[in-house]
Amino acid sequence: MVEALLFDLGGVVIDIDFDRVLRHWEGISSLSFTELTSTFHFDEAYQRHERGEIDGATYFAHLRNTLQLEGSDEEIAAGWNAIFVADIPAVLEAIVQARAHFSCYAFTNTNPTHLIAWKAGYPAVFHSFDKVFISSDLGVRKPERKAFDAIAADIGVAHENILFFDDTRENIVGAEAAGLQTVYVQSPEDVRKALAGLPNPQE
């Protein structure tokens, strides 16, 4: 039985393109786009930033050193936020319809810099959920078991009654290990089909 829906944001509800970030940084780096692509990693500093263990200035200093960036924090942040393309209307519409029957939540691995950009650029996304869980606020991130435990406890729903949508296989594996039901999202149609197939809990 499904009692609550939990959605990743980037790649599921909001279209993202990391190449846009590197293209922007190419203009303030001595490295080429190809070199930036091979040098950037979702490393320990990246993960600590998403857990809120280090602030934006500290992470940007790490990026400045690693990627040979010569810009200010504001210029680096502008590239960082270039990842966002647009919200995905078909998914938002499906979530709004599902919310008539299910509690709907979002859980995103993110940081304060991205959060500011999301809230300003995509207010409809934030208004589509009962609550949005932010990794940098929680102090834990997907696919860590503690992250799913914290959300299940907060919303008061057993792990096995939460249906989780994500476009990253690692996060799906982590959610399944925590006992959640999952949908591996590779297109908006995956979300639509999964939601259309759910029985109305009120029937």
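The model is predicted, so local features need pLDDT of at least 70 and side-chain atom pairs count only at pLDDT 80 or more, whereas totals for chains, interfaces and linings use all residues. Residues are numbered from 1 along each chain as its sequence is written, and side-chain values use heavy atoms, with hydrogens and water left out.

Next, select helix α4, residues 56-66; helices (H or I, at least four residues) and strands (E, at least two) are DSSP runs, numbered from the N terminus. Gly56, Tyr59, Phe60 and Leu63 of this helix are buried (under 20% relative accessible area, 1.4 Å probe, protein chains only). Look down the axis of α4: the buried residues fall within an arc of 100 degrees, so they line one face of the helix. The arc is taken from the directions from the helix axis to the C-beta atoms. These residues pack against α1 (18-26), α3 (44-50), α5 (73-80) and α7 (112-121), contact meaning heavy atoms within 4.5 Å.

Now move to Ala4 in strand β1, residues 4-7. Ala4 is buried, with a relative accessible area of 0%. Ala4 and Leu6 point one way from β1, Leu5 and Phe7 the other way, and all are buried.

Finally, display the neighbouring strands. β1 runs parallel to β4 (residues 103-108), joined by four bridges, and Ala4 stands opposite Ser103 there. Four bridges also join β1 to the parallel strand β6 (residues 162-166), where Leu163 is the bridge partner of Leu5. Two strands pair if DSSP finds at least two bridges between them.

Definitions and conventions
Buried < 20%, exposed > 50% of the residue type's maximum accessible area, 1.4 Å probe, protein only.
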